[in-house]
Amino acid sequence: MKKIKAIIIRTAGTNCDYELKSAFEMCGAEAERIHINELIANKNKILSYDILAVPGGFSYGDDIASGKILSNEIKNKLGDNVKKFALSGKPIIGICNGFQILAKMGLLPKPEKFEQISTLSYNDSNKFECRWVYLKTEKKQGDTKCIWTKEIPDVISLPVAHGEGKFIADEKVLKEIEEKSQVVFRYCDKDGSKTQYPEDPNGSMNAIAGICNDKGNVFGLMPHPERYVYALQHPAREGYDGVYGWGKQIFQNAIDFLK
Amino acid sequence: MIFEIAIKMKKGFSNPHSTHLISDIKGIGVKGIKSSEYMPVYRIDSDITKKQAEIIASELLSDKITEEFSIVSYNSLSDKKIEKNSIEVWFKSGVTDTVSESVVKAIKDLGIENEVKVKTGHKYIFKGETDDKKLTKIATGLLANTLIQEYKIK
């Protein structure tokens, strides 16, 4: 059977791209880290992949604002094909800086509109928050809309590391993503209950940590699942099957979805 | 033409660069300053049109959800007027301005091919009892590294 191919976009300042590659590979995919310039030089190359991932980090030094320059570059140079990728139903994930990029270019929460209608802004604490947090997996009748979060427990923990992670959208947009079950993860306490700082590290509206599009294939989140693919990476060595961390299941879901 | 684009947070949102400034000002012994507002400023020297400057401000330099922008233009730096009760901090000539290099790249990504020179600066507007002595103390004590930056007060 043909191997599923994942592409990880990299540029100056991206990080965790190696971890992301490793996460996809341990789930059975073939993963490549490709520089943005190579994709711009060959605009259709991106469409030859099955999964698109935008990693975390500090692309272009977070100049102007987090993710702003790379989101501007992708939208203006590769926008048509990235939108086509999203609307085709293939899985797309943006992690941390990647989430900021997807939101700022308008691929989330409505790729069909492809206009910025939400953002990630400065943490309420006014400082960089780097630690593990608890997340509540939003489910409707026991299942999630997002193809990336099937079989994920009701509460998991993942690490965050960001200074601009506060999810903001106007009331109308917020109402719509709530009604359409596009909220994937919310910050919570260890029992899954509503919480506030420090359990909620940034003061996001409705404690939102991750969202998806209406179709469920485009997923953006501030926490880093690629940093928790082994139980050993968790502070309390928690995980599943005695070996794996719950971050792995997120990548496995995208690959299983395509099989 | 020189366009100066200042970015301001919309009502209800705050920028961490200004959040702790008032307590820092008290910390260096300056009294009577009640509030401050911080704005990053981008000075673009180019033959772009006003419409293009607006596109750069709205699509690139500001966040549509949390920020708003204002643009002033002038023919040469000598025409520039400093806002009252404010401090502006800019890199000295010859100092590498890495953010400006990113902005030049991003303007090209927007499809604007004109030659552009960009400088980035910081603007702080104060409310309360201000005078030149206080503003100079704030500028030299907190806001500007005078080895590599120059400041202007009014």
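Tutor: Axes here are lines fitted to C-alpha atoms, for helices over the stretch in contact, and angles run from 0 to 180 degrees between N-to-C directions. The model is predicted: local features need pLDDT of at least 70 and side-chain atom pairs 80 or more, while totals for chains, interfaces and linings use all residues. Residues are numbered from 1 along each chain as its sequence is written, and chains are lettered from A and ligands numbered from 1 in the order written.

Student: Why are α3(A) and α4(A) called oblique to each other?

Tutor: Helix α3 (residues 68-87) and helix α4 (residues 97-105) of chain A pack at about 55°, with axes 8 Å apart. Angles under 35 degrees are roughly parallel, over 145 roughly antiparallel, 65 to 115 roughly perpendicular, and the rest oblique. The pair is therefore oblique. Its crossing is right-handed (the near helix is turned clockwise from the far one by less than a right angle; anticlockwise is left-handed).

Student: Which residues of α3(A) and α4(A) meet?

Tutor: A:Lys68, A:Leu70, A:Ser71, A:Ile74 and A:Lys75 of α3(A) meet A:Ile101, A:Lys104 and A:Met105 of α4(A); contact means C-beta atoms, placed from the backbone, within 7 Å. By class these are four nonpolar, one polar and three charged (Ala, Val, Leu, Ile, Met, Phe, Trp, Tyr, Cys and Pro are nonpolar, Asp, Glu, Lys and Arg charged, the others, Gly among them, polar).

Student: How is α3(A) set against α4(B), roughly parallel or roughly antiparallel?

Tutor: The axes of α3(A) and helix α4 (residues 98-109) of chain B come within 9 Å and cross at roughly 20°. The two are therefore roughly parallel, and α3(A) passes α4(B) in a left-handed crossing. A:Ile69, A:Asn72, A:Glu73, A:Asn76 and A:Lys77 meet B:Ser102, B:Ala106 and B:Asp109.

Student: What makes chain A as compact as a globular protein of its length?

Tutor: The radius of gyration of chain A is 17 Å, close to the 18 Å of the globule rule for 259 residues, so chain A is that compact (the radius is taken over C-alpha atoms; the rule is 2.2 Å times the number of residues to the power 0.38). Chain A has six helices and 11 strands (DSSP runs, H or I of at least four residues and E of at least two, numbered from the N terminus).

Notes:
Contact = placed C-beta atoms within 7 Å.
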